[in-house]
Amino acid sequence: MSMTPDPIGSSTTAHTRGTARVAVIGAGPVGVGVVERLLANAPLLTPGRPVEIVLVDPYPAGPGRIWREGQSPLMRMNSFAKDVTLFPGDAVRCEGPAHPGPSLAAWAAATATGLLPPVDPRLRTDVRETGPDSFATRRLQGAYLSWFLGEVTRAAPPEVRVTVREGRAVALTQDPDGVQRVRLADGSSLDAHTVVLALGHLDARPRGEEVAAAEFAAEHGLTYLPPGFVAETDLSAVPPGADVLVRGMGLAFFDLMALLTQGRGGRFTRGGGGDLRYVPSGSEPRLLVGSRRGLPYRCKPTHRLALEPEPKLRYFTEAAAELLAGPEVLDFQRDIWPIIRKDLSHAYYRELFAADPHHTTVSWREFEERHAVATPEEVERLVAAAVPDPARRFDLDALRAPLRHAAFGSADAFGTHFSALLEHELRRCADPARSADTAVYRALLLFFEQLPRLRARLDARSRAEELDGAWLSLFNLVASGPPAFRVEELLALCRAGVVRPLGSGMRVRLDRSAGRYRAGGANHPDEPAAAVLIDARVPDPTVTGTADPLLASLHATGAATEETLSDPATGYRTSTGRIAVDGQGRLVGADGRAHPALFALGWNTSLRGARAFAIPGTNAAAFRHGDLVARAVLTGLPAN
């Protein structure tokens, strides 16, 4: 069955036609993912029942806002094409049926060879250049999302219809008979029995330092760009040749870097020795960049493992069962971190002993036996004796804070050190003997799947500051880093003087006497000034501070609330900014009750739906949560 557009105009009332209508607000990957789960479960839970699923979004259904096909080809994914799928396969442990399908890489290969329909002619090069280990363009991912939605819709059961309503939902009210009325920005409305919010990344109103920076810019005629989506930001406000302070060295920074260099006519070339060089266009600014860590995340690992990854964690799997069986509230730092460190250490050295044994002094069997019973202090002594070269050891503290002891007399001296660290990272990423790094990455993926099992047993501080804080930061550092080619480009830009690193612990000061922003860090005393400041990151999740009119209206009426974690015993209390939902994804209102017809899912809800995409062959949270919500939606629909 193909999708059909829903006419925009007056309200369409589904319940008068005997058809159950589900409105999915947000037609990006989370939204189309839940549509797939609704279609897969409908024959089982609502057999023969006419159901209409309406996708509502001002952006194209499938790609949504982030993956639109019209964006610059400089915008790339940071996942391998082989590691991206929207199809829940047999490894997903959920009640609904599996629906295997091709990964992005497999789809691109089939499209390139004519086995699947062709893409827009503008994307033909993107398709040809995308292999399993490629970092595809985001616009190609948008084409994959469009194809996915078309595929699952064509396979819909005959009694289920999928339509698309182009427009921005701005408010939601409930009629006395329980029907939900969604109002759109153009004045039209849409009636539904159930509404699912699949909102994804949202803009937020400025707060704190952002407000101060914006007010300072207005007062002194400066330029400030707050957190947002770089690919759609108007960068014409950044003058050629200007010094630009940039806060953040994550993926948003690399987008900004690409658009302000290659996007302005600069180009990269290879020198005679193979080194990447940047040839300026003269239109680029100079980027003065820093962050809390002061370095980019670790390059996405590409090593081929000497050993097959273990299917489960060596220590945590058993320990978690014991912890769950006990009666006490768990403290992450005390009860969980030691197991994480030990499991990551085990994964690292298991691979190191196989891939690079000449750096070890004992057999793996002896090391493993002693490692299994060792205390943290004993592990340090064991490693020091068994792996003499400190550079070959697993050092979690150095990984998390590599610049904590770095002190230099000037920004230039620090810049030399920064470039040397990037060179080291690139060599490490390309060295087959460093496959232990990939083993750690694989272990972190297992933790990512397993740790949520303990969430309900953790105290509030542990959930907010450790599980959602320190742990997630470590995971992102290793598993969500940039492709190596981006780090190589950064190094070339540093050598060309287009990027100047500021270091860790970046701080921005409003210099009122000079009418300029000033920024410094913890690694050198220099504090350069600039007339442009950019916060290179996406906004944190927030309900109370959201700029999205629909979510703001739901919060104003008490239908949507922000997740709050509290501990009456200690008085600890904090808001996470996420949309509060119950275990089935139903919105929790200000009265503390879950709404039977309003649902939300995704990374910005208290379900914490991880990423929109998943690695094929994994039991990904995105699939499990999508199935959970879809089944709750279908079973909650009113009877004919």
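Predicted model: local features only at pLDDT ≥ 70, side-chain atom pairs only at ≥ 80, totals over all residues.
**Sheet.** Strands E5, E6 and E7 form an open sheet in that order, with antiparallel pairing. Strand E5 (169–174) and strand E7 (189–192) lie at the edges with a single partner strand each, so one side of each has no neighbour in the sheet. From one strand to the next, the twist averages 20°. E5 and strand E6 (residues 180–184) run antiparallel and are joined by five bridges. Within this pairing, Thr173 has Arg181 in E6 as its bridge partner.

The structure contains five cavities of 30 Å³ or more.

| Site | Volume | Lining | Classes in the lining |
|---|---|---|---|
| Second largest pocket | about 650 Å³ | 22 residues | 14 nonpolar, two polar, six charged residues |
| Second largest cavity | about 90 Å³ | 14 residues | seven nonpolar, five polar, two charged residues |

In the second largest pocket, the lining residues that lie nearest the centre are Arg341, Pro376, Val379, Glu380 and Phe394. Helix H8 (332–355), helix H10 (376–386) and helix H11 (396–400) each supply at least two residues of the lining of this pocket. The largest share, six residues, comes from H8.

In the second largest cavity, Leu202, Asp540, Pro541, Thr542 and Asn604 are the lining residues nearest the centre.

Note on methods
Residues numbered from 1 in each chain as written. Heavy atoms only, no water. 1 Å grid on protein atoms, 1.4 Å probe; cavity = no way out; pocket = protein on both sides within 12 Å on 5 of 7 lines; lining within 4 Å. Points joined across faces, edges and corners; volume = space filled by probe spheres on them. Nonpolar A, V, L, I, M, F, W, Y, C, P; charged D, E, K, R; others polar. Pairing = 2+ DSSP bridges. Helix = DSSP H or I, 4+ residues; strand = E, 2+ residues; numbered from the N terminus. Axes fitted to C-alpha atoms, helices over the stretch in contact; angles between N-to-C directions.
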